[in-house]
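Please brief me on how the chains of this model meet. I would also like the salt bridges described, with the cut-offs behind each term.

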Amino acid sequence: MTRKLGYLSLVLLAALFIYVSLDLPPTGDPHSPPATHVSPRYIEKAYKETGAANMVTAVLADYRGYDTLGETVVVFTAGVATLLLLEGAFKFKKR
Amino acid sequence: MDAIAGHLNYWLIAVLFVVGVYGLAFQDNLLKKLMALNVISVSTIAFFLNLGQKVGAKAPILPGGVKGGEAAAYANPLPHTLMLTAIVVGVATTGVGLAMIYRIFKHYHTLEESEILKGMRE
Amino acid sequence: MNKSRPTTILDTCVRLIIPFYLVYAIYVLVHGHYSPGGGFQAGVVLAVSVILVQLVQDPNPRWGLGRDAAVVFACLGTFMYAGIGLLTMAWGGNMLDYGVLPLGEVEAEVRALGTLGIEIGVTMAVMGVFVVIFNLLRGEE
């Protein structure tokens, strides 16, 4: 019974997503909100302001450098967490 | 008809997300749950990339810069940037998840969630 | 992991392909301003070259990064990124506002150099972290 309710809720979730997606702009619309508000400034001024022809690099490292600093710290923290979790875990058997 | 063609990608992404939720909720094995989390992550990445597309747009790379008013000819670089970092962070956090699962396996000698719960009650 | 030696074919293929991996990683890193690429991708390619040698040859090969060296790389990369941010603050700008660094006359070129600096930091951090994660999940000999 619980399992059937679970399947039903999954179907409802999918139906909800499909219903909500009708309000989103159609794929590839050049006049959609994400394409008209912030990105034209990046596309038009990135080379002049940052000297990087690749706009992805310009946004990644210059306009949103602080964001990328956070991401780098997250990756570093993931490495440290793995180290703390598994350092010595494989030697456990020998002791 | 246009509505279907314009929104088909969203529906496929929604189905992918629901597949991930199904794995997360109904699978008993912790490794399969981690795979389901990765499926959800992929669906999110596809959703963001889908928002950044424009019809007939080129890759956002141009030496010399773009003149004003020509922004519609280049894809939106912002989702690309965000998802680029999301992919790398996703791989790193998957590593953390695998490490956690390994410690759980060391302690309970099983990966099935029901048996782990049984072991916790004892 | 078994201790058997790699076959001659695998060993030769790895020896042939590793220099190209390294050159390609450096290309992706320093050419990231003008083509698809950048710090994250270059770090992943470098980490893959190290991991490939560890998979095919010894788990502790003579060439490559050990676990301790990889941890040092990860720390140095993150520190380099944050350090460039602090340097720009020392020269009176906002954090990670590369335009104030005394590296040249044209502001856009100075910003490109600062971007390259933090990309190198990201490369080192990503390479170190991925090698550490693989090294730990692979297990001891």
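**Chain contacts and salt bridges**

Chain A and chain B bury about 4200 Å² between them, with 75% of it on carbon and sulfur atoms. Buried area here is the accessible area (1.4 Å probe) that two parts lose on being put together, summed over both. This is a predicted model: local features need pLDDT of at least 70, side-chain atom pairs count only at pLDDT 80 or more, and totals for chains, interfaces and linings use all residues. Residues are numbered from 1 along each chain as its sequence is written, chains are lettered from A and ligands numbered from 1 in the order in which they are written, and side-chain values use heavy atoms, with hydrogens and water left out.

**Chain A with chain B**

- The contact (heavy atoms within 4.5 Å) takes 44 residues from chain A and 51 residues from chain B.
- A:Thr27, A:Ile43 and A:Leu85 supply 14% of the area that chain A buries against chain B, more than any other three residues.
- A salt bridge is a side-chain nitrogen of Lys or Arg within 4 Å of a carboxyl oxygen of Asp or Glu.
- Twelve residue pairs are in polar contact between chain A and chain B, both residues at pLDDT 80 or more. A polar contact is a pair of N or O atoms within 3.5 Å; within protein, one must be able to donate a hydrogen and the other to accept it, and residues adjacent in sequence count only if both atoms are side-chain atoms.
- The side of chain A that touches chain B divides into 31 nonpolar, seven polar and six charged residues. Ala, Val, Leu, Ile, Met, Phe, Trp, Tyr, Cys and Pro count as nonpolar, Asp, Glu, Lys and Arg as charged, and the others, Gly among them, as polar.

**Chain A with chain C**

- Here 28 residues of chain A are in contact with 33 residues of chain C.
- The buried area is about 2500 Å², and carbon and sulfur atoms give 70% of it.
- Eleven residue pairs are in polar contact across the interface, both at pLDDT 80 or more.
- Helix 3 (39-50), helix 4 (55-63) and helix 5 (65-86) of chain A each give two or more residues to the side that touches chain C. Helices (H or I, at least four residues) and strands (E, at least two) are DSSP runs, numbered from the N terminus.
- Helix 5 of chain A gives the most to that side, with twelve residues.

**Salt bridges**

- C:Arg111 pairs with A:Asp62, the closest N and O atoms being 2.8 Å apart. The pair crosses from helix 4 (residues 107-138) of chain C to helix 4 of chain A.
- C:Arg111 is buried, at 12% relative accessible area, and A:Asp62 is buried, at 7%. Buried means under 20% relative accessible area, exposed over 50%, partly exposed in between (1.4 Å probe, protein chains only).
- C:Arg67 meets A:Glu87 at 3.2 Å, N to O. C:Arg67 is buried at 17% relative accessibility, whereas A:Glu87 is partly exposed at 41%.
- C:Arg111 also forms a salt bridge with C:Glu107 (3.2 Å, N to O). The two are four residues apart in helix 4 of chain C, so about one helical turn separates them.
- Shared partners join A:Asp62, C:Asp97, C:Glu107 and C:Arg111 into one salt-bridge network.
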